[in-house]
Each structure stands twice: as structure tokens, then as C-alpha cells.
2 protein chains.
Amino acid sequence: MTGDRAGDYRILHEAALRDYLAGLPDLKALLGGDPASWEITEVGDGNLNLVFIVKGDRGGVAVKQALPYVRLVGESWPLPLSRAHYEYLALSRQAELAPGLVPALLHHNEKLALTVMELLEPHIIMRKGLVAATQYPRFAGDITTFMARTLFFTSDLALSAAEKKEGIAAFAGNHALCKITEDLIFTDPYRIAEQNRWTAPYLDGLAASLRDDMDLHVAISRLKLKFMASPEALLHGDLHTGSIMVTGSQTRVIDPEFAFYGPMGFDVGAVLANLLMAYFASAGHERAPGERAAFEGWVLETVEQVWTAFAGKFLDLWRSHAAGDAFPASLFAGENGAARLEAERQAYMQRLFAETVGFAAAKIIRRIFGLAHNIDFELIEDPKKRAISEARAVRLARAMMVETGAFRTIADVTGAARKLRDWMPEFANG
Amino acid sequence: MTGDRAGDYRILHEAALRDYLAGLPDLKALLGGDPASWEITEVGDGNLNLVFIVKGDRGGVAVKQALPYVRLVGESWPLPLSRAHYEYLALSRQAELAPGLVPALLHHNEKLALTVMELLEPHIIMRKGLVAATQYPRFAGDITTFMARTLFFTSDLALSAAEKKEGIAAFAGNHALCKITEDLIFTDPYRIAEQNRWTAPYLDGLAASLRDDMDLHVAISRLKLKFMASPEALLHGDLHTGSIMVTGSQTRVIDPEFAFYGPMGFDVGAVLANLLMAYFASAGHERAPGERAAFEGWVLETVEQVWTAFAGKFLDLWRSHAAGDAFPASLFAGENGAARLEAERQAYMQRLFAETVGFAAAKIIRRIFGLAHNIDFELIEDPKKRAISEARAVRLARAMMVETGAFRTIADVTGAARKLRDWMPEFANG
């Protein structure tokens, strides 16, 4: 990888980007041919950045440049370029910990807030595949390896307290990105906020009821505090199915610009939430009853596997690689000690499961009432159908957040989801 | 205050210190008279640093210089000088938040790891006063103001998430001092460790039973993880009665070199633990039965007041100064919202109380089986009497750590302590 800290920030549109890449010998060689012939396309469909795909005679790269504002909203919402630095830092760490599950880094320019990565081809954004009812048999295995390894190896179970504190400090400056999450996920959907939107008029009543639901407000506020003040591990921080690129045989996690040290359940919950939303959205996409039944079965099976395999892999790492300062082996010697430590590991995972369930619920509700929505639901053209799918998801999410203790296992979650598959909200009869 | 970053580190003994202070006009004027006539005494009785008292014709100052190793152990245990920087940082913050409850800062030299402070006179180290059965009627009020204000105003309840993360990062480098706590409080007393010691032979059996007590090992390991990974607020980090100087009418908290962002219960628990140890040690100091009964009654009353007044002041600050990102007011509007938020505050304090009880227990056990002991117990000359006092304290501490939930209120703690006042361990009959 080449690096460059020189030059002042400027937005690189097509021509400037072509010149910039042509000036980097490694990348020029990788792309191949005359720079003038390179095909450059802006493809950023995210909320924050410019993303270019550049193709030459020999190969291609993806180029991501941070903008000094939120792309989705515009210059009125400034956002620090330093997020590109944190994304690069997180991506580097993830590449070490979960090799092959993130795009290869080719070049980073801190001043330009620009990163050049391996072009993922023919990968597509997983969410698009889910809308099309595509099954990804490798997904559960890959994403659980990614999460188990990145979370475990950056936690107190694997690191000394000193290394852990250094990690926390290294990402502490990324608070503007954390603030987006704090506002858009943990606060705004539960109050009147200019940027909220939902499928009106069908969900007007539900939106109002969320704003008055004090059980929910207590629960979301506890989750918010946990998000702010529980630096358990280095999180991806935005691990939805739009941050995952897939083929039938490969999985790559992208876009960790929200990375910081936070509660593990936030990442795991994000994956579960987005699968559950794909499940509830599916009914809205079917053209004939039962058409997507196999897909829907796969989604719920995947929800179960994501938790089960994640927990299994995380526990295996804890049993085999516990080099951290937490739960020192010297206090759990002998047969009795080993048994008690194992019981403690199980209790730890049970606590993490409960937090995962809560965070998953928060991620669902924000996608239905907050600023940023999902194509899972958005591509359901009939607003009433869309609202019905959304209302089912919200019904599950509310239970998951307020009655978290009632969900003891992941099968309790998928069981509840299955029961809501054909549930009809009141407005559906109107 | 004057500041100076120049010069390389060197240990300033009497002559060098005299020259150094004579070169600082403000301090020279404050001390008054001919520097050659200044009276300089080394009084450091702590475990880590050099402390000088300097008196001139006009006034006096206290000078603290960090050594590059642990004074109690020697050069074989190096310790970074940077702790003087963190101590200075913490002291500055505490002075803002709890004015009048810490010594005034007069001068700091980062390179020399040296700080000059107001000379506290006629204050004595509180622990010495407690050994002498002195009552401090101002103490509970002052220490609870100190804790409520320093903890609340550095927490997510008072700060934005960004400010909080900046605070955490500013103290993250003080991990060598945290590591001392992690080892000496949360690990070593529960395993064979070279530096452990206890009142042998009487406590040999109890020491061995602690090493085999897996309920205790699980509990201490949970507390250790909380200590490492719950940056709730800026802690003093070493808030025992040796870090508090008192007169009948004044209280000053000193020596915050262990400061970092950690769980609030660790500071509150430290105060309670040291009062409880003073209580159990008292029987060992009496020359006639009942001689110290009034003092002992005052100690337990103070234990109760410390929690009750702390909780009351903390809650009042939360109700009146909640400028932080946690529990946003906008989610708790209306009468119902206000009631739910108040219930949530009470739940928060109940959780904090349970953690306080656990941390207090950890602080007691380390003083009886770990490296650093207390004069409360150490000055009981008869080892058997000392061991009896210590065994009573350990019996309470074990219950507090393992059956934390059984202590619902602070009266449960003082009630249990009172019951153990005359309890006799088995070895007492030997």
C-alpha cells in the first residue's frame, strides 16, 4: 500500500481523480493502459461520501472520498473529514483480524480523506440481493467470523488493559460519527424531529404512540447510555446489509467509518435487525402468495445462525486466546475453577444476547421512523403494503426493546417474527 | 499559578529543591525570607512519591515529585513519571468542580513531574485521626459534595458524548497506575502472589480459603472488568482515608494520581471501605471495653451519611444540571415522562449502590491480604487482636462481594457491620 499525507483537501471529481491516480505508480500499473482511457463512474449511494469505480485495461479500484458534510442532507450538516482516518484505521485493523473479509487497502491520503481499495466485483450490496430474494449460503459463516474475531480481539478478553485504553483513545476523536448514531438511532425516532419520516398516513398513529411510550423511552435511553459509555470492543459501528458486499461465495464488510469502541451487541444487533427487516419486507415484495417462502425461511434460519455461530466462535476464541486482563486464568485454576469460568462465559454471552436484542430493536425502529430508511421497505411501491410490513417489524422491535428478558434464545426472536409474518395492523382493514 | 515545562527530569532532594523554588519569584515571595533559611522536610509516607514540606518566614508549601519507580518497592518496579501530569490534570478539574475541597495548585513542572501545592496546616491525614478515635463532623458533608460534583459533572449525565470521549482519551495514558489497581486490588489477593501478606499465622486459613473461593473469584473478576471497561466518570481512583486531609472544620482530598475514567462506585466504595475498616480496627485499639463506643457509633453513622448524602446530592445535580447526552429531557416530557425519568434515576442509584458495595468489599480485602496495608489495622500491636479485627472486616467484605444483592440499603451494610463487632473467628479460641 502507498500512503500520502501531502496536499490540502479538495474534492476530486472525475478529471482530478484521474490525474491523482495517474500520479501514483503502483495504482497506475494496477489499472493499466492510458489514464485517459480509464473509465470512472461515481457510484456512491450511501449517505455520506463520494465513491468512484475506476477501471483500466488491466484492473479496477474503488475510490472513496469523504465530503466535509453529510451527502444525504447537504452542506448544512457539516461532518469532519477525520472520519476517513478512522475508517482507514478500522479497516486496517479488521484486515489483520478478519483477513479476506474486508476489501484490500491500496492507498490512503489523510489530507484528501481519500482511500483506494480493491474493486469488489462481481459483488453487490447485500441488501439489494435480499430485496431480490437471493439466498447467501456463505453469509452467516463469514459475518460471524468477522464479528467474533474483530470484537473478541479488541476486547478486554484478548487485550491488556493498557492496549485496550490505547485503542479507545485512538478512536475517541470519531465522536461526530457517534453523534449521528446517538441522535438518529437513539433519540429522534422517539420525539418530534424535523428529519423523521414514515409511511404516512398509515403509520401516523404508530409514530405518535412511540413518542408517548415511556417504557420504550426508558429502554432506548438505557441503550443510548450503553452505546456512549461501554467501550467493550472496536465496533464496525454501521454493520447493516448496505455495508456488506456479497457474491454467492464471498462476503466483504465495507464502510467502517462509524468505527469506535462501543458495546459489542450494537454490531451483532445491526446484522440481526437488517435480516429481520428483510424478512418483514419480503411479504411486500411478493407478487404471488408464498412466492418468497423459501427465501423467508432462509432469512430466519440465517438470523438463528448469525447469533448461534457468532456466540460459538466468540466462546471458542475466549477459551483458546484469552490473553487479556479480564477474567485472569490464575483465578480459575483446577477443575472447579474451569467449570466456574465456563459458566461465567455463558453468563457473559447471555448478557450480550440481551443487549444484542435491544440494539437490534433500536436499529429496526430508526429505519421506519427516522431519517435514513432501507430499500428493503422503500422498494415496496404500494405504501399500504409497505406500512403493513413496517408495522410488523415495529411490533417485534417494540417487544424486543421493552420485554427483552422474554427473548431468552434467538429462537424466541425468530419464533416471534414468524408469528407476525401475516399479522394485520388495524389500519390494514381501513 | 506558574508553569514550567523546561529542563530534564532529575530527583530534587533538599538542596536542589531549595534552589529550584528560589528561582520561582511567586513561590519565593510566598515563602518569604532568605531561601537558605527555609525549612525543608521530606514527609512522604505514601507508596509512590517524594513529598516535601517547605516553610519560609512568611508561608509554607507542599512539594510532590513523582519518582520513576514505586517508592514502596524500589527501582525494580518502574512507574512512569507521566502520572504527575494526570494528577495535575485531575487536581485542576477537581478544583473547578469542587472548589475548596482540594489543595490549591501553585506550580507544576511537567518534565520534573513536580507539583507545588498549598500547605495544608494543621490538617492531618484522616486515617491517623481515625486511629486516634477522632470524629470529623464535617467529613460526610464535604466528601459527598466532592464525590457528587466530580463524578456527576464528568459523566454522560452532564457532558455531551463528545466532551466525555475527550475526557476519557485525556486520561487513557494513565494505564500504568490503573494496572497497579487491577493487579493489587482485583487479582493478587485471590491468588498466590509474592507481594501478598497478611497477619500470620492467624489469617493463613482465611487467605487460603479466599484463593479457593470461586464465588469470590467470579465476583472480583466482574468488578475488575467493570473497573477496566466502564468509563462512567473521572475518578479520583485512590480515595481512601490516607488521601484525605482533615481538621475539625475542613476536608481536603489529595493525591489523585490514579485518576482515570472509571466506574463511579469505585470512588464511593473506597470511602465506605475505609470507614468500615476504621470501624473494625477500632476494637483492636481500645484499652478498655467500650472506650471507643462513641467513635464507633459515629463511624457507622458516617458510613450511612456518606451513601445517603452522596446519593441525594448526585440526584439533585441530575435533576437540576442534566446537560449531558444521556437520558435526554425531550424523551421524558409531561407529567408521566417526569415520573418515569425520576424512577429511572432511582434505578440508576440502586445499580450504583450495588456496585459501590462490591467495590468497597474489594478495597477491604486487598488491605488485609494484598501488598499495601492500612495503619488502621497495622497499628494494632497484638497480632492476634489485629487478626480478629481483620477477620471481621473480611467476613463482611466477602458477603458484600458475593451476596451483593442482599445489601439493599446502606443500613443493611452498617447493620451487618454492627453484628460483626464482637464476632469471634475460630482462631480466636486457639
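The model is predicted: local features need pLDDT of at least 70, side-chain atom pairs count only at pLDDT 80 or more, and totals for chains, interfaces and linings use all residues. Residues are numbered from 1 along each chain as its sequence is written, chains are lettered from A and ligands numbered from 1 in the order in which they are written, and side-chain values use heavy atoms, with hydrogens and water left out.

**Stop 1: the two domains of chain A**

Begin by selecting residues 2-118 of chain A, which are domain 1, and then residues 124-429, which are domain 2. These bounds come from an automatic or database domain assignment. Taken over C-alpha atoms, the centres of domain 1 and domain 2 of chain A are separated by 28 Å.

Next, display the boundary between them. Here 25 residues of domain 1 of chain A are in contact with 30 residues of domain 2 of chain A, contact meaning heavy atoms within 4.5 Å. The size of an interface is often given as the accessible area lost when the parts come together. Between domain 1 and domain 2 of chain A, the buried area is about 2,300 Å², and carbon and sulfur atoms give 67% of this. Buried area is the accessible area (1.4 Å probe) that two parts lose on being put together, summed over both. Select A:Tyr86, A:Leu97 and A:Leu101: in domain 1 of chain A, these residues lose the most area to domain 2 of chain A, together 29% of what that side buries.

**Stop 2**

Three salt bridges cross the interface of domain 1 and domain 2 of chain A; a salt bridge is a side-chain nitrogen of Lys or Arg within 4 Å of a carboxyl oxygen of Asp or Glu. Select A:Arg83 and A:Glu257, whose side chains meet in a salt bridge with 3.4 Å from N to O. A:Arg83 lies in helix 3 of chain A and A:Glu257 in the loop between strand 12 (251-253) and strand 13 (260-262) of chain A, so the pair ties together parts that are 174 residues apart in sequence. Helices (H or I, at least four residues) and strands (E, at least two) are DSSP runs, numbered from the N terminus.

Now colour helix 3 (residues 82-97) of chain A. With nine residues, helix 3 gives the largest share of the side of domain 1 of chain A that touches domain 2 of chain A.

**Stop 3: chain A and chain B**

Show both chains. Chain A superposes on chain B by a rotation of 180° with 0.0 Å of shift along its axis, at an RMSD of 0.0 Å. The two copies are thus related as by a two-fold rotation axis. The superposition is by least squares on the C-alpha atoms of residues with pLDDT of at least 70 in both copies. To find the axis in chain A, select A:Ala169, whose C-alpha is the nearest to the axis, at 2.3 Å.

Which surfaces do the copies use to meet? Of the interface residues of chain A, 100% are also interface residues in chain B, so the copies meet through the same surface. Chain A brings 45 residues to the contact and chain B brings 45. The area buried between chain A and chain B is about 3,800 Å², with 63% from carbon and sulfur atoms. Select A:Lys165, A:Met214 and A:Leu331, which supply 18% of the area that chain A buries against chain B, more than any other three residues.

There are six salt bridges between chain A and chain B. One to display is A:Asp215 with B:Arg340, where the closest N and O atoms are 2.7 Å apart. Elements giving two or more residues to the side of chain A that touches chain B are helix 6 (161-172), helix 7 (175-184), helix 9 (214-229) and helix 12 (334-369) of chain A. Helix 9 of chain A gives the most, with 11 residues.

**Stop 4: local backbone features**

Select A:Ala200 and A:Pro201, which are joined by a cis peptide bond with omega of about 0°. A:Pro201 is in the loop between helix 7 and helix 8 (204-212) of chain A.

Move to chain B, where a cis peptide bond joins B:Glu121 and B:Pro122, with omega of about 10°. B:Pro122 lies in the loop between strand 8 (114-118) and strand 9 (124-125) of chain B.

Finish at B:Ala113, a residue other than glycine with a positive phi, near 55°. B:Ala113 is found in the loop between strand 7 (105-109) and strand 8 of chain B.
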